[in-house]
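Subject: Handing over a structure

Dear colleague,

I am passing on the structure below, together with my notes on it. Please read the notes with the structure open beside you.

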Amino acid sequence: MALLEVKNLGISFGGLRAVDGFNVNIEKGALYGLIGPNGAGKTTVFNMLTGVYQPTVGSFSLDGENLTGKSTLEIAHKGIARTFQNIRLFGKMTVQDNVKVGLHNHVKYGLASGIFRLPGYFRDEKYLDERAKELLDVFGLYGERDYLASNLPYGKQRKLEIARALATGPKLLLLDEPAAGMNPNETGELMETIHFVRDTFDMTILLIEHDMKLVSGICEEITVLNFGQMLAQGKPSEVLNDPKVIVAYLGE
Amino acid sequence: MKKLLTKKNLAALLLIIAIYALLFACDHLGVFNRQSKALLVPIGINIMLAVSLSLLVGFLGELSLGHAGFMSVGAYAGCMFTIHMDLPMAVELPLAMLLGGVVAAVFGFLIGIPALRLKGDYLAIVTLAFGEIIRSVLNNLGLVGGSGGLNGIPKYSNYTIVYVMMVITIIVIANLVHSRHGRAICSIRDNVIASEAMGIPVVYYKLMAFVAAAFFAGIAGVLYGHNLGILKPSTFDFNKSIEILVMVVMGGMGSLPGAVIAAIIITVLPEALRGLSDYRMLIYAVVLIAMMLLNNNARFNSFKQRLFSKRAARQGAQLTKEGE
Ligand SMILES: Nc1ncnc2c1ncn2[C@@H]1O[C@H](COP(=O)(O)OP(=O)(O)OP(=O)(O)O)[C@@H](O)[C@H]1O
Ligand SMILES: [Mg+2]
């Protein structure tokens, strides 16, 4: 059984079928790519998988549990975390606190412990600080832990978003164009980090990218979307040589 | 216990005691005239109101224009209690504060429910309507004296009690804000979609913020009633809500020390300028604008941060270096 199983997922906005008949199975530990031209429906797929949009048809399940129709919060608790194409950090909070929000559900101390500074507060906050340090170190952000997130340069904001999503301890991590706006150097470095994250955290990652070359470099399997339809699915080497895919990207 | 005895906490404790000692000394050495002594209780009450509203406006990021409403329901509940009870003050006042706080908190919960669905301007209108509805109900409720006011409230409040309650309010809200619960509240302010996607129960935390803010506003109201000895619905009008909001905004959104300082200035200023009669409102307005400009000044803000946090200072220094 695959970790994520998506069956015939589709959504319409008014008359527009933004995504139609989307099927995918992602095995545990996979690094899976979702590509396609602008407006193909990639982000819309993420929005459905995280309960931001409710699909009009189809279903999806994580670890065998059907999550169709669940709210964003429930899905987050079930173990799907994501980043956003248009970065959504907690801008007025520090870098470290952004990650600690991601870690929120890893400790349980209650309101009273927080207000009256009971021992549980110190124990749990210490644990959170250590976990946050681990995560920030992976992305080379620990030195900037006291910066406001909004003061970070763009590339680091994208990294922080990944660190924060990872902090929730998900089973599946969805990355929406993590390399957007980065230069080739930064992109290469980020791809290495993503590999590293997959290996060390034993994570399953589904990632959206525009750049086909880049995706073929790190993903074991990809799906190509075009106008909401699946165009091709399989190993990057095969898919990227598919005439249909070449046409979609380069035109006739 | 050891962790509570950090240098920072000890310094805060010393400050709390020193300020009280100063007030006490000034009072007994006759430094205060009658007017300035009469200001002490309102200052403390306004600090409680500003700090509690700050939780909603500065940290949760919801514009609330009904804080005077929470204050008034708390005040009326607590004062009705002391009027009708016949207990010693040491028992009666704490119970009245608790009752006032709880009644206000219930209203906070009820107002928090629409806040789950409404955003920004719409929520502001709901809170505004809430404040006005409460006021007109009180105006017409014979049981609590109607528009003539509620008379005969024992004058239990004094600056010592208010000081203690003010310190408790500040500590509770500051600790709340700096816990995982406070981080969750701030994350809702900064980006509610991301907050939910990170597994923060947004509904729970929005309600928590409304309940906590209303609770302390209610206690402030009880102390207010027991200071004047009379409650009039007209005191708790839209202007009072705006005045509290101004304190929070002037103090710099999301800054508790700022809210405290702004509450002091805004309470003292009109009295301090009384002698200037005609120019009073003019100067008042100028000072408000100056404070607002100062709050938007990057250099002043980094100075303020350096004043309040060492870690922020390090960051500030680094940023200036990068800027050069
Ligand atoms: N909330 C919405 N209401 C109406 N239409 C929408 C909505 N969200 C997305 N769409 C439409 O769905 C289509 C797919 O959009 P989507 O954002 O998923 O594309 P994408 O593949 O992520 O593109 P890009 O590469 O530009 O990010 C677009 O035509 C878009 O206009
Ligand atoms: Mg997109």
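Predicted model: local features only at pLDDT ≥ 70, side-chain atom pairs only at ≥ 80, totals over all residues.

Residues are numbered from 1 along each chain as its sequence is written, chains are lettered from A and ligands numbered from 1 in the order in which they are written, and side-chain values use heavy atoms, with hydrogens and water left out.

Chain B

The secondary structure of chain B consists of 14 helices and 0 strands, where helices (H or I, at least four residues) and strands (E, at least two) are DSSP runs numbered from the N terminus. The radius of gyration of chain B, 20 Å, is close to the 20 Å that the globule rule gives for 324 residues, so chain B is as compact as a globular protein of that length; the radius is taken over C-alpha atoms, and the rule is 2.2 Å times the number of residues to the power 0.38. Taken along the principal axes, the C-alpha atoms of chain B fill a box of roughly 65 × 50 × 50 Å.

Of the 324 residues in chain B, 48% are buried, a word that here stands for under 20% relative accessible area, with exposed meaning over 50% and partly exposed the range in between (1.4 Å probe, protein chains only). Among the contacts (heavy atoms within 4.5 Å) in chain B between residues at least 6 apart in sequence, 78% join residues at least 24 apart.

One residue to look at in this chain is B:H67, which is placed in helix α3 (residues 67-84) of chain B and counts as buried, at 0% relative accessibility. Leaving aside residues up to four places away in sequence, B:H67 touches B:L49, B:S52, B:L53, B:A213, B:A217, B:S241 and B:I244.

Chain A

Chain A has 10 helices and 10 strands. Its radius of gyration is 19 Å, close to the 18 Å that the globule rule gives for 252 residues, so chain A is as compact as a globular protein of that length. The C-alpha trace of chain A spans about 65 × 40 × 35 Å along its principal axes, and buried residues make up 56% of the 252 residues. The accessible surface of chain A comes to about 10,600 Å², with 52% of it belonging to carbon and sulfur atoms.

Within helix α3 (residues 95-102) of chain A lies A:K100, which is buried, with a relative accessible area of 6%. The side chain of A:K100 makes a polar contact with the side chain of A:E125 at 3.0 Å; a polar contact is a pair of N or O atoms within 3.5 Å, and within protein one must be able to donate a hydrogen and the other to accept it, while residues adjacent in sequence count only if both atoms are side-chain atoms. Not counting residues up to four places away in sequence, A:K100 touches A:E125, A:L128, A:D129, A:A132 and also B:R183.

Two residues of chain A deserve a look for their backbone angles. A:D63, in the loop between β4 (57-62) and β5 (65-66), has a phi near 55°, a positive value in a residue other than glycine, and is partly exposed, with a relative accessible area of 39%. A:R117, in the loop between α4 (111-116) and α5 (119-138), also has a positive phi, near 55°, but counts as buried at 16% relative accessibility.

Ligand 1

Around ligand 1 there are 14 residues, of which the closest are A:N38, A:K42, A:T43, A:T44 and A:Q85; a residue is taken as near when one of its heavy atoms lies within 4 Å. An oxygen atom of ligand 1 is 2.9 Å from a polar backbone atom of A:G39, and an oxygen atom is 2.7 Å from an N or O atom in the side chain of A:T43. Taken alone, ligand 1 exposes 630 Å², and the protein buries 65% of that.

With kind regards

Methods: Areas by Shrake-Rupley, 256 points an atom, 1.4 Å probe, with all protein chains shown as cover.
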